[in-house]
Structure formats: structure tokens, C-alpha cells
Amino acid sequence: MTEIHTDGPESIGDVQPLDFLVVAPHPDDAEIGMGGTIAKMIRQGMRVGILDLTSGEPTPHGSETIRRAETIRATEILNVTWRGNAGLVNRELQHTLEARKRIASYFRMLRPRWVFAPYFHDAHPDHVAATELIEAARFWSKLSKTDMPGERFHPERTFYYFCIHLRLAVQPSWIVDISETMDQKLDSIRAYESQFVVGRPTEPPTMLDRIETDGAYFGNLIARRYGEPFATKEPLALTSLRDVF
Ligand SMILES: [Zn+2]
């Protein structure tokens, strides 16, 4: 049975460090932004976590209970290694010192090599706040002489995934070929029925049609069927050019 960890960072206990942690303002953002990459990297043996910052509720057709059940289904579809919810307040997400300490504590306990945050330009205030909060928490997680749980730890990189609130013609830093996991990504998004199916227009293009079209567009840029774009502020370091195509 898949569990969403909601008891706070202090109670995480000993877990094997994650390869990367996707931090999402709301349950469904990780799936929309990088569900294909999450599924693909898990298939390749990486340990991948998702930390949702808020419940994402209220929404017109959702509730805390419905959204939690949907999150569990999506987590199972992607086969995510670890998932938690930080319990911050939806619609009121702010980069406060208290929130920074809480998220930094998750980083110290989960020890992800990389952290993925929403792209820094977004129309949703929760998303903009989340990105600032994640960047600051990454820095704080390496502090010594603090009462935060766990050992000091610094994720090596922060990378950015793209959410859908701002229709930007983005220039990604790189694109992952997700042709083999696009179905899994769409299924994980469909799991959030209260967000993308109930009460939504059924005439094309539906939300899911648009997500598929975006995937096809970014796939086209790398001559593959589907792709997912990412950004980085710092240059990407490669050990080899072998995987670049
Ligand atoms: Zn969101």
C-alpha cells in the first residue's frame, strides 16, 4: 500500500538517499511538469521522490480526501520511490523562515542529489513562492549548528521543470526523450480526475490533449515522439558526450 508521508521531516527516519527530489506546490504539478522523466528514471533504477508542499485544496471539484486518493493512484502509476506532503497551506504559500526551515529539513532527511523546482516564471503565486522557498531551503539545508533534524546536506543542483500556468515559449536547457513513458505520464495525470476530468470541457483540446500536444512539441525539437523540457541556471556538467543526441 502506497503511503504519502505527512508526519513532518523529523519522522522520516533512515531512508536511503534519493537520486532526486521533485518539489511541487500542489499534488499534480510534478506529474504535469515531469511525470515522463520521473517514470523513465525510475525504470532506469533511480530513487525518485516527490514532495508536495500543500494539499492543493480547495478546488471546484476536489476535496482533501479525493485529492489524497488521487495522489496515491498517480504515485503508484509512476512507481515513485518516496512521496510526502509538507502540509503548507494551499493558496497561501509563502517563503517564510518557518517554511524554509521545514523544507530544508526534508532535504537533510531525504538527501537528494538534485532538487527539481518549478520554473521561476509562473502566473500562480504559489508556484513563484515555491521556487524561492526551494532555492533558499537548498542553501539552508547545509547549515551547521542548527536545530534542524538530520546532518547538514547540500543538494548538488537545483533544476527547473515547467508547469502550465503561464503559456511561455520557453527555451529549455535540455529536453528528455519521454516517448517510452508518455502513456504513464498521461495516466498519472488522469488519476487526478477531480482536476482534469470532472467539470472540464470534453471538446478537444481537453487539458490532457494540451499536455500531449506540449509533449509532442518538445519531442519534435529533439526529433523524438515526446519530450519534457527542463531549465538550469548553472551550466550542466556531463561526464561524457555519449548520451547527447
Ligand atoms: Zn500547481
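User: What makes the seven strands an open sheet, and in which order do they stand?

Analyst: In this predicted model, the strand order is β3-β2-β1-β4-β5-β7-β6, with mixed pairing. From one strand to the next, the twist averages 30°.

User: Why are β1 and β2 called paired strands?

Analyst: Pairing requires at least two bridges between two strands. Strand β1 (residues 20-24) and strand β2 (residues 48-54) are joined by five bridges and run parallel, so they count as paired under that definition. Within this pair, V23 stands opposite L51 in β2.

User: Which strands does helix α3 touch?

Analyst: Helix α3 (residues 97-110) packs on the sheet, where β1, β2, β3 and β4 are touched. Its direction makes about 165° with that of β3.

User: How do you know that the length of helix α7 agrees with its number of residues?

Analyst: Helix α7 (residues 207-221) has 15 residues, which at 1.5 Å a residue should span 21 Å.

User: Why are the buried residues of α7 said to line one face of the helix?

Analyst: The residues concerned are I211, G215, F218 and G219. Seen down the axis of α7, they fall within an arc of 105°, so they line one face. On the other side, D209, T213, Y217 and L221 are exposed. Among the elements covering the buried residues are α1 (29-43) and β7 (227-231).

Methods. Residues are numbered from 1 along each chain as its sequence is written. This is a predicted model: local features need pLDDT of at least 70, side-chain atom pairs count only at pLDDT 80 or more; totals for chains, interfaces and linings use all residues. Helices (H or I, at least four residues) and strands (E, at least two) are DSSP runs, numbered from the N terminus. The expected span of a helix is 1.5 Å times one less than its number of residues. A residue is buried if 20 or more other C-beta atoms lie within 10 Å of its own, exposed if 12 or fewer, and partly exposed in between; C-beta atoms are placed from the backbone. The arc is that of the directions from the helix axis to the C-beta atoms. Two residues are in contact if their C-beta atoms, placed from the backbone, lie within 7 Å. Axes are lines fitted to C-alpha atoms, for helices over the stretch in contact, and angles run from 0 to 180 degrees between N-to-C directions.
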